[in-house]
Amino acid sequence: MTSEQAKVMTMTAAVELLVQPGISVALGTSLEGLIPFAAGHEIIRQGIRDLTLVGPISDLLFDQMIGGGCVSRIRAAWVGNVSTGLGHHFRRAVERQEPAPLEVEDHSNFTMALSLEAGALGVPFLPARTLLGSDIIRDNPHFRIQPCPFTGEPLLLVRAIRPDLAIIHVQRADSFGNAHLWGNMGVSEAAARAARAVLLVAEEIVTPEVIRSDPNRTVFPGFIVCAVVEEPWGAHPSAVQGHYGHDDPIYVDYSNETRNEETSRAWFERWVYGVKNRQEYLERIPSEHLEALRVHHPAPAAPADFGW
């Protein structure tokens with residue numbers, strides 16, 4: 001992919017190209033915001049199975065992909081619903097193996113960050129003192145306790161994670177894959193550098209001149225990006241700094257509508273299988289509801305002068 005336009009594609013094409021059964025995918029790496037729901041829904045629609053999902057506070061998307069039958073393994077610090085707590089599909093999968101058995105590898109937010117940072121650095125592990133004495137490290141193949149070679153004190157060695165794919169939602173990108181990201185970035189930068197491939201989902205695609213105007217905000221260079229999808233509202237119902245806020249009513253409705261298998265099927269038919277793409281998804285949400293989520297109090301950063 002060397003031409004400017006080669007990396008810009010539809011969500012359907014990007015998922016077909018980059019998401020294969022059995023791979024590991026990092027998602028939700030900005031914590032509670034910028035969660036790539038549009039990408040996750042397309043993965044569910046395409047019926048891709050046996051995925052390992054990697055992330056810190058993974059929020060609703062992991063729960064939805066579990067309910068959609070896409071997931072066989074989770075590496076995460078938390079899975080659920082940030083507005084109501086419990087993720088019903090996750091619970092059913094762990095307790096009753098429905099819709100399929102689910103293997104769970106527990107992390108803390110910090111050890112997940114260390115794992116991805118180690119992957120990004122190309123080292124096999126990073127040391128820490130966190131979690132010593134915790135049950136989280138028990139029977140977990142990603143952790144080892146070893147004495148420090150300098151002091152002899154016990155250290156936790158956190159094994160590197162290198163996802164096959166990182167799906168990252170950003171505010172803007174150019175068609176080369178160079179992207180600006182601001183607000184809470186979580187572990188997005190480390191996840192992208194650790195991953196073997198990166199799919200960027202952008203609220204808007206802008207000219208390269210816009211990206212070059214602020215090089216310090218270019219968190220992702222285009223040479224690590226395989227595909228770019230322009231998908232306004234692609235992170236809804238999570239928030240995107242500077243674009244729209246967190247849609248709490250959607251989170252509450254999802255919790256109520258997925259408490260049992262029958263109502264869960266109805267939810268999937270309405271919001272995932274019953275729509276072809278993100279545009280049809282948005283058409284099912286009243287325009288005044290979306291308008292209320294938009295930023296109504298802009299707070300732009302002061303310009304930076306990169307002159308010489």
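## Salt bridges and a buried glutamate

Arg-96 is partly exposed, with a relative accessible area of 45%, where partly exposed lies between buried (under 20% relative accessible area) and exposed (over 50%), computed with a 1.4 Å probe on protein chains only. The model is predicted, so that local features need pLDDT of at least 70 and side-chain atom pairs count only at pLDDT 80 or more, while totals for chains, interfaces and linings use all residues. Residues are numbered from 1 along each chain as its sequence is written, and side-chain values use heavy atoms, with hydrogens and water left out.

The structure holds 13 salt bridges, each being a side-chain nitrogen of Lys or Arg within 4 Å of a carboxyl oxygen of Asp or Glu; three of them are among those listed here.

| Glu-98 | Arg-96 | 3.0 Å |

Arg-96, Glu-98 and Glu-261 are linked in a network of salt bridges. Glu-98 counts as partly exposed because its relative accessibility is 27%, and Glu-261 does so at 37%.

Glu-203 is buried yet has no salt bridge, and the nearest side chain of opposite charge, that of Arg-294, is 7.3 Å away, with Lys and Arg counted as positive, Asp and Glu as negative, and His and the chain ends not counted. The side chain of Glu-203 is instead joined to that of His-169 by a polar contact of 2.8 Å, a term for a pair of N or O atoms within 3.5 Å in which, within protein, one must be able to donate a hydrogen and the other to accept it, residues adjacent in sequence counting only if both atoms are side-chain atoms.
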